[in-house]
Amino acid sequence: MTDAANRRTRYPEPIERADVHAHDLVARGFATDEALAEVLHRYPAELIDINLYDYDDEGQVSLRTGSRGDLSGDQLLSAIQAGRLWVNLRDASEGCPDLWAAAMQEFTRIEGRYPGLKAVKNAGQLIISSPAARVPYHFDAAGVVLFHLRGRKRIFVYPGDEAHLPERCMEQVVARQTTEELPYTMAFEADAQVVDLEPGQALTWPLYAPHRVENLDRFCVSLSMDFQTWSSRLRNGALYANAVMRSRGLNPGFTDRMGRPELAARWAASLAFKRMGLMPSKIAHFERDFTPEVGAEDGAGSLRAA
């Protein structure tokens, strides 16, 4: 934790910059090949996101998405370990209950390090990713604790100011009109706080802080735990309401200039807008481009019918 002069965000949350914390989840065996293959084999296919990111020389990204098809857990794990895939197992609290229960104990301890931080909802995903995988510049509409279990990751965390985190883009993400990626330029690299994460370490960063991730040539496993506070819920509601208002030609003010009463009013408006269906999601369904395959380039074979 830091003094106000070193704050890396314009939003008034207790976590002001990226911090590393120890955790004891590794020794419990959650990330062995055997445990991972068993989890992958039984995990519901509709909760598995299989992503393959391609980058140009300027760091701009394109995304291909995969379907697990009829692969066994062992086969899917092998494809991840030999390819260039980033696999998210959503709803980890239900899909990995033992790991989740242990991680919640660790979360409570980390939460106590930040006076004033009180989560009202936790959710998360188990991330299983290839040695050379990278995740592009993006933000999460929640607080995050990233529990690292296997391999080595390098995380780049950027300031949460308007230049790096435009609120109009945030509105589109919160309203599910676009995915979490943000406009990126390689000039941002001069502003990054860079953290190399080892197994047994967890990383926190400021609410909404843009970040990107590189695996350091090793197969990696992490549990990404999102958490909402009442402050983040109100701000997310205000961002959603602003997106609806902007889509109808209005020009609402940015949420970083709003006090709590105005944020609460916008949050209440967002609930009404959602009930009215004023801004349906544009990312509810993705076209699946491939099924993972051991020995295929990047681990991505051709798409087969499930």
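The model is predicted, so to speak of a local feature takes a pLDDT of at least 70 and to count a side-chain atom pair takes 80 or more, while totals for chains, interfaces and linings use all residues. Numbering starts from 1 along each chain as its sequence is written, and side-chain values use heavy atoms, with hydrogens and water left out.

**The whole chain**

The protein chain has seven helices and 12 strands; these are DSSP runs numbered from the N terminus (helices: H or I, at least four residues; strands: E, at least two). Its C-alpha trace spans about 55 × 40 × 40 Å along the principal axes. Buried residues (under 20% relative accessible area with a 1.4 Å probe, protein chains only; exposed is over 50%, partly exposed in between) make up 51% of the 306 residues. Take contacts (heavy atoms within 4.5 Å) with a separation of 6 or more: 84% of them join residues 24 or more positions apart.

**The second largest pocket**

A pocket here is an open set of points on a 1 Å grid over the protein atoms alone, where a 1.4 Å probe fits, with protein on both sides within 12 Å along at least five of seven lines; lining residues have an atom within 4 Å of a point. The second largest one has a volume (the space filled by probe spheres set on the points) of about 240 Å³. Of its 17 lining residues, Tyr55, Gly59, Gln60, Tyr184 and Arg212 are the closest to the centre. Strand 6 (134–138) and strand 11 (211–215) each supply at least two lining residues, and strand 6 gives the most, with four.

**Helix 5**

In helix 5 (residues 167–174), the buried residues are Glu167, Met170, Glu171, Val173 and Val174. Looking down the helix axis, they fall within an arc of 165° (taken from the directions from the axis to the C-beta atoms), so they line one face of the helix. What they pack against is helix 6 (230–247). After helix 5 comes arginine 176, with a positive phi near 60°.

**Proline 115**

Proline 115 sits in the loop between helix 4 (97–111) and strand 5 (121–129). Proline 115 is exposed, at 67% relative accessible area. Its C-alpha atom is 9.3 Å from that of isoleucine 15, which is 100 residues away along the chain.
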